[in-house]
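Me: I have a structure open and want to learn how to read it feature by feature. Can you walk me through it?

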Amino acid sequence: MSTLTEAPPPLAPDAPGPKPPRRRGRLTPYWLLLPGILWLLVFFALPMIYQASTSVQTGSLEEGYEVTWHFATYWDALSAYWPQFVRSVLYAGTATVLCLLLGYPLAYLIAFRAGRWRNLIMILVIAPFFTSFLIRTLAWKTILADGGPVVGALNSLHVLDVTSWLGLTAGDRVLATPLAVICGLTYNFLPFMILPLYTSLERIDGRLHEAAGDLYARPWTTFRKVTFPLSMPGVVSGTLLTFIPAAGDYVNADLLGSTDTRMVGNVIQTQFLRVLDYPTAAALSFILMAAILLMVTFYIRRSGTEDLV
Amino acid sequence: MTNTTDPGGDVRLTGIAKTYGAFTAVHPLDLTVPQGSFFALLGASGCGKTTTLRMIAGLEEPSAGTVFLGDQDVTALPPYKRPVNTVFQSYALFPHLDIFENVAFGLRRRGLKSVKKQVEEMLELVQLGEQARKKPHQLSGGQQQRVAVARALINHPKVLLLDEPLGALDLKLRRQMQLELKRIQTEVGITFIHVTHDQEEAMTMADTVAVMNGGRVEQLGTPADLYENPRTTFVANFLGTSNFIEAEVDSQGGEDIVLKAGGGKLVLPEARCSAPASTGGKVLVGVRPEKISLTHADDAGEIPEGRNRITGRIADSSFIGVSTQYVVDSPVCSDFEVYAQNIDRDPRLVPGAEVVLHWNPAHTFGLDAAQSVFAGTEGSAGVEEAA
């Protein structure tokens with residue numbers, strides 16, 4: 001920008017002053033922002049307004065809907081579907097924790113120990129994106145099929161006894177249980193956890209580990225006191241990128257679950273596409289959005305990563 | 001400050017070596033650093049000085065040899081079990097902790113509960129008491145450097161290792177911190193091992209300097225000894241500037257060796273010749289630029305007897321305030337450098353003038369002729385003075 005604003009003095013006596021280029025230079029950022037702003041307006045702001053108005057309409061499909069400021073829809077939706085809300089938060093939360101537990105060691109390995117294998121492992125992390133989300137989730141249906149090798153192995157190791165006792169599985173089945181849905185969510189969102197974790201771990205100066213070791217910190221203490229605190233930005237963005245989409249997801253619950261594992265995403269989908277009760281569906285969407293916003297705000301405040309980013 | 005005065009506090013390296021595949025970073029090396037001394041490892045980048053330091057710290061595993069701290073063999077100990085601390089190049093302060101917690105880190109790791117008093121005292125020592133609650137990135141380079149020193153010193157290590165600690169500072173601050181570090185070392189009495197590529201820094205601060213080159217210690221001694229009696233051209237060029245004349249041994253007897261060079265005769269004290277000298281053999285004669293006097297050829301008769309003399313013509317002269325630096329072309333050596341104090345300047349000494357260079361034979365040193373006279377000239381004193 002400085003090259004535009006600090007134009008060299010004009011050589012010709014009748015040349016225009018430095019004003020025109022300066023004005024153009026000042027407007028450049030807005031021109032660059034324009035496509036993005038238009039995009040947001042058309043595809044985010046307008047649908048939101050439309051949804052908001054839908055959520056306070058009453059009527060029926062045959063007679064048509066009308067805005068009547070009927071806020072009771074929100075209360076009705078919440079009291080009818082709170083179990084699905086709670087389930088969404090629980091499943092998404094569990095999947096996020098599992099993603100963190102699985103993803104952190106892998107991201108750590110890629111960042112600090114992989115050496116020349118780093119790129120290969122990164123490709124393996126991203127590779128699933130080359131096939132459709134739907135196909136991959138359907139593949140899990142086969143993996144967890146009744147009588148399949150996975151279920152057989154879990155059964156003979158008596159893992160299923162434990163998960164059944166926890167209420168995650170039922171009898172000899174894994175498919176159509178909460179465990180299957182949580183596995184699907186964990187699998188599908190794992191890369192969204194690994195990538196930000198890797199980015200923030202990779203930025204940590206290796207000499208800080210040496211310095212900690214030099215100052216009498218054992219490897220585990222070094223991790224607790226230096227590595228983990230410094231990777232907090234990655235932990236926060238990774239958990240957000242996992243939790244937020246997982247909480248609104250309906251594909252995993254649809255394909256791997258049963259009617260007992262329905263999440264709020266499934267309810268919204270059904271209300272919109274099958275029952276055609278648009279106000280309830282819109283109200284549910286807004287409640288979900290507000291709930292996630294609240295939780296995320298609280299989480300970011302608590303994690304205290306503002307001055308690390 | 002408590003003085004750690006157990007008698008066996010020396011650092012002893014015996015046959016220590018480091019290889020990376022086919023590359024040898026450090027050749028088998030024996031080195032003893034006496035307790036309480038300020039020791040410098042000096043050399044150009046890639047000479048193995050940092051690797052040596054990291055092997056003492058335990059950050060690098062030696063391929064061979066043993067590291068002793070006092071009587072204790074620490075070769076197999078991980079860094080967190082060694083009673084040494086390091087001041088890292090570019091400091092490696094913990095960015096998520098404030099200054100107080102950075103300094104307290106080592107104490108807390110050793111399970112000390114009440115660290116407040118010690119940390120505050122240490123911050124006073126490095127004059128950073130006011131900054132305790134700031135984060136490292138809020139401090140200037142010099143302040144961060146002092147935090148790094150405080151963070152290491154507070155643990156009362158047997159040895160403090162400094163890895164180019166002043167490299168990131170500008171020249172003026174660097175001079176200031178050199179004196180500061182020297183003051184702290186005298187005050188706490190801990191052994192300091194300081195790695196640097198800056199010969200002036202090594203000479204100002206250290207009691208003993210080991211000059212390293214290509215993974216070997218080239219020469220070890222006090223700064224004055226290294227400067228006055230270099231044993232290789234590398235040391236002679238790396239520490240300051242030297243002029244070399246290739247000469248043939250004419251006769252030897254008593255305390256002096258008489259040499260022939262370009263038709264003239266030069267005298268070299270036997271004790272100052274590190275090369276084997278036999279009559280008819282070659283020797284490199286060295287002399288420092290500031291030891292040489294410059295007399296105009298017309299006044300050659302006034303030069304006292306018994307001085308080594310060489311004739312030449314001034315090729316270039318530059319006035320730099322305290323002294324004038326001349327480059328003299330002579331039959332025995334082109335580009336002979338002479339630094340003359342600006343006391344009585346002879347107006348005839350301008351480029352083109354015929355001159356006689358003369359010096360006290362006692363200031364001459366003799367080296368093995370079978371080595372390059374240019375060893376150690378790159379990236380050493382020349383660069384420092386240009387900056």
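This is a predicted model: local features need pLDDT of at least 70, side-chain atom pairs count only at pLDDT 80 or more; totals for chains, interfaces and linings use all residues.

Me: Start with the records. Where does UniProt place the feature "transmembrane region" in chain A?

Reply: The unreviewed UniProt entry lists residues 30–50, 89–112, 119–139, 175–198, 226–247 and 281–300 of chain A. A record gives positions, and the coordinates give the shape. Take two of the spans. Residues 281–300 of chain A are 100% helix and 0% strand, with end C-alpha atoms 29 Å apart. Residues 226–247 of chain A are 95% helix and 0% strand, and their end C-alpha atoms are 31 Å apart.

Me: Which residues of chain A does UniProt list for "domain: ABC transmembrane type-1"?

Reply: The unreviewed entry gives residues 85–299 of chain A. That span is 78% helix and 0% strand. Its end C-alpha atoms lie 19 Å apart.

Me: What does the domain assignment give for chain A?

Reply: Domain 1 covers 2–55, and domain 2 covers 82–303. For separation, look at the C-alpha centres: those of the two domains of chain A lie 40 Å apart.

Me: Show me one residue of chain A. Is Met48(A) buried or partly exposed?

Reply: Count C-beta neighbours inside 10 Å. A residue needs 20 or more to be buried, and 12 or fewer to be exposed. Met48(A) has 13, so Met48(A) counts as partly exposed. Met48(A) lies in helix 2 (residues 19–55) of chain A. Met48(A) and Ser258(A) are 210 residues apart in sequence and 31 Å apart, C-alpha to C-alpha.

Me: Now the cores. How many residues has the largest nonpolar core?

Reply: It has 77 residues. Those with the most contacts inside this core are Ile56(B), Val103(B), Ala150(B), Leu160(B), Leu161(B) and Ile193(B). Helix 4 (residues 141–153) of chain B gives the most to this core, with six residues. A second, separate core has 50 residues, including Ala95(A), Phe192(A), Val235(A) and Ala281(A).

Me: How many residues of helix 4 of chain B are buried?

Reply: The helix is mostly covered, with 10 of its 13 residues buried. Among them are Gln144(B), Arg146(B), Ala150(B) and Arg151(B). The cover includes strand 6 (84–87), helix 2 (99–109), helix 3 (116–125), strand 7 (159–163) and helix 5 (171–188) of chain B. Zoom in on one contact set. Setting aside residues up to four places away in sequence, Ala150(B) touches Val103(B), Met122(B), Leu123(B), Leu125(B) and Val126(B).

Me: Next, sheets. In what order do the four strands of the open sheet in chain B run?

Reply: Strands of a sheet pair through backbone hydrogen bonds, either parallel or antiparallel. In chain B the order is 2-1-4-5, and the pairing is antiparallel. Strand 2 (23–33) and strand 5 (72–73) of chain B stand at the edges. Each has a single partner strand, so one side of each is left without a neighbour in the sheet. Inside the sheet, five bridges join strand 1 (residues 11–20) to strand 4 (residues 64–69) of chain B. For one of the bridge pairs, Leu13(B) is partnered by Val67(B) in strand 4 of chain B.

Me: And a loop residue? Where does Ala297(B) lie?

Reply: Ala297(B) is in the loop between strand 15 (293–296) and strand 16 (308–319) of chain B. It is partly exposed, with 13 other C-beta atoms within 10 Å. Beyond its neighbours within four places in sequence, Ala297(B) contacts Thr311(B), Glu354(B), Val355(B) and Val356(B).

Me: Last, the interface. How many residues of chain B are in contact with chain A?

Reply: 16 residues of chain B are in contact with 16 residues of chain A. Strand 6 and helix 2 of chain B each give two or more residues to the side that touches chain A. Helix 2 of chain B gives the most, with three residues.

Me: What do the buried residues of helix 9 of chain A pack against?

Reply: They pack against helix 10 (219–230) of chain A, together with helix 1 (49–57) and strand 6 of chain B. The buried residues of helix 9 (residues 206–214) include Glu210(A) and Asp214(A). Tyr216(A) follows helix 9 of chain A, with a positive phi near 70°.

How values were computed:
Residues are numbered from 1 along each chain as its sequence is written. Chains are lettered from A and ligands numbered from 1 in the order in which they are written. UniProt positions are given in the numbering used here, feature names are shortened, and annotations may be inferred rather than shown by experiment. A nonpolar core is a set of buried Ala, Val, Leu, Ile, Met, Phe, Trp, Tyr and Cys residues joined through C-beta atoms within 7 Å. Two residues are in contact if their C-beta atoms, placed from the backbone, lie within 7 Å. Two strands pair if DSSP finds at least two bridges between them. Domain bounds come from an automatic or database domain assignment.
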